[in-house]
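I wanted to see how the chain is put together before writing anything else down.

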Amino acid sequence: QGVTEGEMPIQTAGALAASRDLTARLLGYIRSGEAVTRVELAELTGMSRTNIVERVGELMSLGLITESGSGPSRGGRAPRQFRLNADAAAVLAIELGMTSVDVAVTDLLGAPVVSESYDWSINTGPEKTMALVEESAERLLARHQVAKLPLVGAGLGFPGPIQVSEG
């Protein structure tokens, strides 16, 4: 059964997941600085130039990467370099310590944009502690500079082993 003009071929869930994984890998290489040009990405991954161009274009259209200049020429035209756009989204970071609670909104490189810290005993209990965290997170996310950014992840750190059955 062929695809008629104007129709998109149906991709399986597995193919879509694999495509996202490859694109995420490219983003990771650019973020770390391990590969910052299309040529470097192709050499590192073994992917075709066409595939690299497509995926880099996707990352640029999502605003996750930007051009950062030109790299050294290897005999032809100097390749364009890319870097992570750390300001494209926000991440919520929460650390519950034995005697404190820290809540922050960071950029994609982990640099805090806004944060709040509280003297707090973990022995206060899970209900009151999580209420404090929720109020702080809502307040921080509502602040002007981060309110317009998509929240793409959250991390929560605890001071030791967790007893799920105890809350």
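I take helices (H or I, at least four residues) and strands (E, at least two) as DSSP runs, numbered from the N terminus. This is a predicted model, so I hold local features to pLDDT of at least 70 and side-chain atom pairs to pLDDT 80 or more, while totals for chains, interfaces and linings use all residues. Numbering runs from 1 along each chain as its sequence is written, and side-chain values use heavy atoms, with hydrogens and water left out.

**Overall**

I counted 5 helices and 6 strands in the protein chain. Read along the sequence, they go α-α-α-β-β-β-β-β-α-α-β. Of the 167 residues, 28% count as buried (under 20% relative accessible area; exposed is over 50%, partly exposed in between; 1.4 Å probe, protein chains only). The chain exposes about 10800 Å², and carbon and sulfur atoms supply 54% of that (Shrake-Rupley method, 1.4 Å probe; for residues, only the protein chains shown count as cover).

**H3**

Next I looked up helix H3, residues 49-61. Its 13 residues reach 18 Å from first C-alpha to last, close to the 18 Å expected at 1.5 Å a residue (the expected span is 1.5 Å times one less than the number of residues). Which residues of H3 are buried? Ile52, Arg55, Val56 and Leu59 are. Seen down the helix axis, they fall within an arc of 100 degrees, so they line one face of H3 (the arc is that of the directions from the axis to the C-beta atoms). The face turned away from that buried side carries exposed Thr50, Glu54 and Ser61. After H3 comes Gly63, with a positive phi near 80 degrees.

**Thr23**

Thr23 sits in helix H1 (residues 13-32). I have it as buried, because its relative accessibility is 6%. Leaving aside neighbours within four places in sequence, Thr23 contacts Arg55, Glu58 and Leu59 (contact: heavy atoms within 4.5 Å).

**Cores**

The largest nonpolar core has 13 residues, and Leu92, Ile94, Val101, Val103 and Val105 have the most contacts inside it (a core is a set of buried Ala, Val, Leu, Ile, Met, Phe, Trp, Tyr and Cys residues joined through side-chain atoms within 4.5 Å). Strand S3 (90-96), strand S4 (100-106) and helix H4 (126-142) each give this core two or more residues. A second, separate core of 12 residues includes Leu26, Leu41, Ile65 and Phe82. I also checked Leu92: not counting residues up to four places away in sequence, its contacts include Val103, Val105, Ala137 and Leu151.
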